[in-house]
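Please examine the sequence and the three-dimensional structure shown below before reading the briefing.

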Amino acid sequence: MTPLRLGYLYGLTAYLLWGFFPLYFKLLRPAGPLEILAHRVIWSVAFVALLLVAMRNIGFLRALLRRPRALAGVATAAALIAVNWFTYIYGVNSDRVVETALGYFINPLVVVLLGVVVLRERLRPAQWLALGIGGLAVAVLTVDYGQLPYIALILALSFGGYSLVKKQLGLPAAEGLFVESAVLALPALGYLGWLAATGEIMFGQVSTGHTLLLVLAGALTAIPLLLFAGAANRLPLTSLGMLQYVAPILQLGCGVLIFHEPMPPARLAGFALVWLALIVFTADGFRQARRTRRRRPATVVPAAAR
C-alpha cells in the first residue's frame with residue numbers, strides 16, 4: 001500500500017471512530033460526566049504509558065522536564081482538552097448530540113479566528129466571508145435555541161485553543177497525550193477517591209460490561225489520535241482538511257437518526273449557513289494550495305541523476 005493510501009486509511013479510520021463516539025459515551029451512563037472524564041484521563045495515562053514502554057520512548061520526559069515553558073504549555077493544553085472532553089461528554093449524555101456536532105463543524109472557523117486574534121495573521125477576503133457567514137449562523141441558532149449554543153461554542157473554542165497550543169509545542173501524538181493526561185491524572189484520581197468515599201462512584205457498581213467500557217476509555221482516546229498523527233504525516237493538508245468533516249457529519253447523523261433529537265427548520269437553516277461557510281472556507285483553501293504549487297520553482301534534476 002502506498003503512503004498516500006495508508007494516510008487516507010489512517011485518517012478515515014480516526015474520523016470514523018470520533019464520529020461514532022456518541023454511541024460509546026451513551027453506554028457509560030449512569031456514570032456522570034466528571035466520573036467519565038476522570039476515567040478517560042486515568043486509563044489514557046495507563047494505555048499510552050504501556051505503548052511508550054513498548055516503543056522504548058520514555059526518555060523524552062527527561063528532555064521535557066528541562067523546558068519550563070514547554071511544561072507550562074503542556075499544562076495549558078491539558079486544561080483545554082479537559083474542558084473539551086467534559087463538555088462533549090456532558091453534551092452527549094444530556095441529549096444534545098446535534099449541538100456537539102455543530103461545535104466540530106464550526107471548529108475550523110474558530111481556528112482561523114484564533115489565528116487572527118492570537119497570531120495576528122492576515123486573512124484573505126474569502127476567509128473573512130466564511131467567518132461572517134459563520135457568525136450569522138451562530139445568530140440564527142441562538143434564536144432557535146433561545147440562548148447561545150454554548151456547548152458548541154465551548155467545544156469549538158477549547159479545541160481551537162488546544163490545537164493552537166499543540167502546534168506551538170510540537171510534541172508527537174503519543175508523547176503529548178501521555179504528558180497532558182498525566183497532568184490531569186492526580187485531580188482525576190482525587191475525584192474518583194471522593195466518589196468512592198461518598199458511595200456515589202459507578203465504576204464496578206453497574207455491570208461487568210459497564211466497568212470494561214470505562215476502562216476502554218483510555219484506548220478509545222489514544223487510538224484515533226495516533227491514527228490521526230499517522231495520517232497527518234502522509235497526507236496533504238487540504239486532504240486532511242476535507243476528512244475532518246467526516247466526524248461531525250456522523251455525529252449529526254447519530255443525533256438526528258439514532259437518538260431522534262429535534263431538527264426544526266430554524267436549526268436546519270443555521271446548520272445550512274455553517275455548511276455554506278465551510279464550503280467557502282474549503283474552496284478558498286484549495287484555491288490557495290493550487291496557487292502555492294504553481295509558484296514553486298521547477299526542480300532542475302542534474303543530468304547525472306536522471
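This is a predicted model: local features need pLDDT of at least 70, side-chain atom pairs count only at pLDDT 80 or more; totals for chains, interfaces and linings use all residues.

Residues are numbered from 1 along each chain as its sequence is written, and side-chain values use heavy atoms, with hydrogens and water left out.

**Helix H3 against helix H5**

- Two packed helices are described by the angle between their axes and the distance between the axes.
- The axes of helix H3 (residues 33-55) and helix H5 (residues 68-93) cross at roughly 135 degrees and come within 9 Å. Helices (H or I, at least four residues) are DSSP runs numbered from the N terminus. Axes are lines fitted to C-alpha atoms, for helices over the stretch in contact, and angles run from 0 to 180 degrees between N-to-C directions.
- This angle makes H3 oblique to H5. Angles under 35 degrees count as roughly parallel, over 145 as roughly antiparallel, 65 to 115 as roughly perpendicular and the rest as oblique.
- On the H3 side, the contact is made by Pro-33, Leu-34, Ile-36, Leu-37, Arg-40 and Val-41, and on the H5 side by Ala-82, Trp-85, Phe-86, Ile-89, Tyr-90 and Asn-93. Contact means heavy atoms within 4.5 Å.
- By class, the residues of this contact are 10 nonpolar, 1 polar and 1 charged. Ala, Val, Leu, Ile, Met, Phe, Trp, Tyr, Cys and Pro count as nonpolar, Asp, Glu, Lys and Arg as charged, and the others, Gly among them, as polar.

**Helix H5 against helix H9**

- The axes of H5 and H9 also come within 9 Å, and they cross at roughly 75 degrees.
- This angle makes H5 roughly perpendicular to H9.
- Residues of H5, including Val-74, Ile-81 and Trp-85, meet residues of H9, including Leu-177, Glu-180 and Leu-184.
- The contact of H5 with H9 comprises 11 nonpolar, 1 polar and 1 charged residues.

**Nonpolar cores**

- The largest nonpolar core has 46 residues, of which Phe-25, Ile-36, Val-41, Val-48, Tyr-88 and Phe-178 touch the most other members. A nonpolar core is a set of buried Ala, Val, Leu, Ile, Met, Phe, Trp, Tyr and Cys residues joined through side-chain atoms within 4.5 Å. Buried means under 20% relative accessible area, exposed over 50%, partly exposed in between (1.4 Å probe, protein chains only).
- The helices that each supply at least two residues of this core include H3, H5 and H9. H5 gives the most, with 10 residues.
- Beyond its neighbours within four places in sequence, Phe-178 is in contact with Val-45, Val-48, Ala-49, Leu-52, Phe-60 and Leu-61.

- Ser-44 is found in helix H3 and counts as buried, at 0% relative accessibility. Not counting residues up to four places away in sequence, Ser-44 touches His-39, Ser-181, Ala-217, Gly-218 and Thr-221.
- Ala-219 belongs to helix H11 and, at 15% relative accessibility, counts as buried. Ala-219 and Ser-44 are 175 residues apart in sequence, but 6.4 Å apart in space, C-alpha to C-alpha.
- Thr-221 is also found in helix H11 and is buried, with a relative accessible area of 3%. Neighbours within four places aside, Thr-221 is in contact with Arg-40, Ser-44, Trp-85 and Leu-177.
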